[in-house]
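Here is a quick tour of a predicted model. We'll start with its pocket and then move on to the charged pairs.

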Amino acid sequence: MGVTSSVARTSDGRPVVVYYDSVNGNLKAAEFNGTEFDAPIILDGEDDQGADTGNVGLFPSIKVDPSDDSLWHISYMDAGLRRLLYMQVASGEASQIEVVDHGLREEINDITGLPMPVSHMVGFDSKIVLAGRKVFIAYQDSTTHELRW
């Protein structure tokens with residue numbers, strides 16, 4: 001079920017895990033409460049009524065904010081739309097999801113010589129880094145095999 005995952009620790013050392021639920025196509029998270037892991041919460045891929053909202057959560061990366069253990073920064077791939085996403089989770093509630101890279105590139109058509117849009121698969125192996133209040137995400141454009149930042 002947890003095909004790709006990422007682990008971070010709170011200031012007191014408790015692990016927080018985010019993972020891709022490959023059965024349902026959801027991004028999920030679970031936090032250790034000191035005794036056991038709390039029940040996983042769905043962060044993306046399903047709405048409040050349980051309806052599917054897409055195949056998301058591949059290659060997640062998580063960092064716990066050093067100034068607030070209840071604030072998590074998460075990057076992950078939307079497998080259905082082939083794009084890289086970012087969200088903050090505050091006290092177990094996901095914020096609005098931001099598109100980091102939509103995967104669309106402009107390339108020159110070999111036949112016409114004109115620019116044309118091309119969809120790249122982006123977001124593989126994302127890694128999130130916090131530098132003060134700034135968030136940086138490194139990831140792969142799997143179409144061109146380039147590292148992007």
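## The largest pocket

Two strands, β4 (41–44) and β8 (93–94), each give at least two residues to the lining of the largest pocket. The biggest share comes from β4, with four residues. As for the space inside, it comes to about 200 Å³. The pocket is lined by 13 residues, and those closest to its centre are I42, L43, D44, E46 and D48.

What is the lining made of, in terms of nonpolar, polar and charged residues? It splits into five nonpolar, three polar and five charged residues.

## D101 and its surroundings

Next up is D101, which sits in strand β9 (residues 98–101). With a relative accessible area of 7%, D101 falls under the 20% cut-off, so it counts as buried. Its side chain makes a polar contact with the side chain of R105, at 2.8 Å.

Leaving out neighbours within four places in sequence, D101 touches R83, L84, V122, Y139 and R148. R148 turns up again in a network of salt bridges that links D101, R105, D141 and R148.

## Salt bridges across the model

Searching the whole structure turns up eight salt bridges. One of them pairs K28 with D21, with the closest N and O atoms 2.9 Å apart. Both K28 and D21 are buried.

Then there's D65 with R133, where the closest N and O atoms are 3.7 Å apart. D65 lies in the loop between β5 (56–64) and β6 (71–78), while R133 lies in the loop between β12 (122–131) and β13 (134–141), so this pair ties together parts that are 68 residues apart in sequence. Are these two partners buried or exposed? D65 is buried, at 4% relative accessible area, whereas R133 is exposed, at 67%.

## D78 and R83

D78 has 5% relative accessibility, so it counts as buried. R83 has a relative accessible area of 24%, so it counts as partly exposed.

How values were computed: Residues numbered from 1 in each chain as written. Predicted model: local features only at pLDDT ≥ 70, side-chain atom pairs only at ≥ 80, totals over all residues. Heavy atoms only, no water. 1 Å grid on protein atoms, 1.4 Å probe; cavity = no way out; pocket = protein on both sides within 12 Å on 5 of 7 lines; lining within 4 Å. Points joined across faces, edges and corners; volume = space filled by probe spheres on them. Nonpolar A, V, L, I, M, F, W, Y, C, P; charged D, E, K, R; others polar. Buried < 20%, exposed > 50% of the residue type's maximum accessible area, 1.4 Å probe, protein only. Polar contact = N/O pair within 3.5 Å; in protein donor to acceptor, adjacent residues only side chain to side chain. Contact = heavy atoms within 4.5 Å. Salt bridge = Lys/Arg side-chain N within 4 Å of Asp/Glu carboxyl O.
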